[in-house]
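Hi everyone, thanks for coming. Have a look at the structure on the screen, and I'll walk you through a few of its features.

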Amino acid sequence: MERVRLLTQSPQTSVRVRRSARILLGCSLALTYCAVGAAKGIALDDAQRTQAAPARSASISSGLPWDGRLKRGVRLHPSPSLRPVAHCASRGNFYGTTELVSLVERTARAVAARWPGSQLSVGELSAAKGGKLEGHHSHRSGRDVDVAFFMHDEQGRISRFRHFVAFGGEGIAQRAQQTLRFDDAKNWALVSTLLRDRAARVQYIFVAQPLRTRLLMQGRRQAESDDFLRAAAAVMVEPRLAEKHDDHFHVRIYCPRDDRPECQDIEPYWPWYDGPPPDGQHAELPSIQWRQPRASR
């Protein structure tokens, strides 16, 4: 570049050569400035990413799901993609951690984007300050939420009810003189969206065993990977000492990272747990024994 600059300044250089040299010098300087600007842009972008990192959540989950509290809980509000189940609405127990509420909202939007007009029907989360909640063994620390099944009538129309609706393994229920069908595709989309979320880590989705079978078969029909199906099989369980959960999903997330150790997790610690397991070992995912669900009649 220095030789080019000398050419532009030398009186022995012809006018044409000086003009060409000036053009070349200008291009060289422009390239230099662009390179410097690009480097600064990369640094600025890195700085922006750092600044855009999620801030510490204001909510705090403490203790265990069945023996805990919730500080500065966040309220879940209705939206075009989300509605409270009517029989739960009057109690007002729609508070959870920031992480849980955001997870429910993201999931509702994802399902509605795929099936316009769909609404996720949500039961209770926790009370505003957590603690004992009538009708629930857990739901005390803002990390649990009940979610109704997606269902439709025999004409394929979306059905919503004031209460949860129970289904058997055949995927059929009778309610209000209607024959209702468990929507395998939407309910699998709900489960898979929850499980794929990385901002809130799902530990359990409690659901009755026959419905679990239906959902895993749906995932298999959609060509989900074996590893993902094993992950879904791990989180979907039917509780042994509580209700069967044949009329709703009960979703539980792990403690938000910022809330530990005041918030307490217990095993199993699945491979996506975002922290070191106490014994240093993540839980092994189960194998799946494939069985066809009972056919809908």
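I'll talk about cavities to begin with, and then about charged side chains.

A word on the model: it is a predicted one, where local features need pLDDT of at least 70 and side-chain atom pairs count only at pLDDT 80 or more, while totals for chains, interfaces and linings use all residues. Residues are numbered from 1 along each chain as its sequence is written, and side-chain values use heavy atoms, with hydrogens and water left out.

Let's start with empty space. Rolling a probe the size of a water molecule over the atoms shows where such space is left. By a cavity I mean a set of points, on a 1 Å grid over the protein atoms alone, where a 1.4 Å probe fits but cannot get out; lining residues have an atom within 4 Å of a point. A volume is the space filled by probe spheres set on the points, with grid points joined across faces, edges and corners.

How many cavities of 30 Å³ or more does a search of the whole structure find? Two.

Now for the charges. A salt bridge is a side-chain nitrogen of Lys or Arg within 4 Å of a carboxyl oxygen of Asp or Glu, and a search of the whole structure finds 14 of them. I'll also say buried for under 20% relative accessible area, exposed for over 50%, and partly exposed for in between, using a 1.4 Å probe and protein chains only. Helices are DSSP runs of H or I with at least four residues, strands are runs of E with at least two, and both are numbered from the N terminus.

Take helix α5. Aspartate 184 forms a salt bridge with arginine 221, with the closest N and O atoms 3.8 Å apart. That pair links distant parts of the chain, since arginine 221 sits in helix α6 (residues 209–221), 37 residues apart from its partner in α5. Aspartate 184 is buried, at 14% relative accessible area.

Also in α5 is arginine 196, which pairs with glutamate 224 in the loop between α6 and α7 (226–235). Arginine 196 counts as partly exposed at 43%, whereas glutamate 224 is buried at 16%.

Next, arginine 260 and aspartate 274 meet in a salt bridge of 2.7 Å, N to O. Arginine 260 is partly exposed at 21%, and aspartate 274 is buried at 18%. Both belong to a network of salt bridges that links Arg143, Arg260, Asp265 and Asp274.

And which buried residue has no salt bridge? Aspartate 183: the nearest side chain of opposite charge, lysine 186, is 4.4 Å away.

Methods: On a 1 Å grid over the protein atoms alone, a cavity is a set of points where a 1.4 Å probe fits but cannot get out, and a pocket is an open set with protein on both sides within 12 Å along at least five of seven lines; lining residues have an atom within 4 Å of a point. Lys and Arg count as positive and Asp and Glu as negative; His and the chain ends are not counted.
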